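Please open the model in your viewer and keep the selection panel at hand.

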Amino acid sequence: MNSISVLHIDLFQSGKNASDFYFNTMKDHLVSSHKHIEKPHRHDFYVTVLFTKGKGIHEIDFQKYEVSEGSIFFLSPGQVHSWELSEDTDGYIFFCSQEYYDMHYVNRKLRSFPFFSSSTFPRKFQFESKDLLKIINLFKEIEEEYYAQNIMKEDLILSLMSQIYIHTTRQFSKNFDEISSLTSVSYFKHYQDFENLVEQYFTTQKSTAYYASVMEISPKHLNRITQTVVQKTATEVITERVILEAKRMLMYLDESLVEIAFRLGYEEYSYFVRVFRKGSGMTPTQFIKKYKA
């Protein structure tokens, strides 16, 4: 069985820096690590990429995003991505393990930032010129610290990372006013809990009632939460996660369609096909033909 390539942070290290954090300019990264990123793949770490020059397409979990000056992307472990970039592409990129960040911030976790916590949250933000310079300067400070041997080096890098995440979250929130209300902040926390459970059990549990029971709330209230945060029913969120995994498996695993359906919790292949077609607008076979053409 061919599995989706999972890249570990050690692949990108030169050997002189800590293996749980990596930083580079996009220009140098594309040269030094091109052999690792020319095909769709997953990471087992968190990725932040800022483009300051160039154009292209960045595809994350089968959604295509345009790349241009000021585009910033956030990827969580497990997401499948690839890109096609122009020769003049430049910018900054850094990786970190969950432990690297979470061990230093007891009261703040990486998954507390919306772009890392929810699979339904946009993975790209486009900075305007007036805000871009501030973000670029933060990346430059990380670069300077990364190659220096200063006291409390990690503390400063983590602080600069947090500033990038916080500034971007604030920019995101301007487009998602509901996040700023007190009610929706509570709902968003519950939604995070729901998505965490879905991530654990989506192959075996697909009913809203199951997740509501685990969360000790009613199915009606769970649907109220999902409708407020992502304008979808709980069932739609569960089904979208199943379909996303199905797409990953159809593209990158050398298994039969029946085997994939079974691994996703469907004993009847015909029912899996109906679910997939309803959620994606095409059958699994049509999806394979489209993306493998």
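The stops below begin with overall values and continue with individual elements.

This is a predicted model, in which local features need pLDDT of at least 70 and side-chain atom pairs count only at pLDDT 80 or more, while totals for chains, interfaces and linings use all residues. Residues are numbered from 1 along each chain as its sequence is written, and side-chain values use heavy atoms, leaving out hydrogens and water.

**Whole protein.** Select everything and colour by secondary structure: the protein has 13 helices and 10 strands, which are DSSP runs (H or I, at least four residues, for helices; E, at least two, for strands) numbered from the N terminus. Of its 293 residues, 48% count as buried, meaning under 20% relative accessible area with a 1.4 Å probe, protein chains only. Among contacts (heavy atoms within 4.5 Å) with a separation of 6 or more, 70% join residues 24 or more positions apart.

Next, select the five strands that form an open antiparallel sheet in the order 2-9-4-7-10; two strands pair if DSSP finds at least two bridges between them. At the edges lie strand 2 (21–25) and strand 10 (124–126), each pairing on one side only.

**One pairing.** Zoom to strand 7 (residues 71–75), which pairs with strand 10 in the antiparallel sense over three bridges. Here S71 stands opposite Q126 of strand 10.

Technical notes: Buried means under 20% relative accessible area, exposed over 50%, partly exposed in between (1.4 Å probe, protein chains only).
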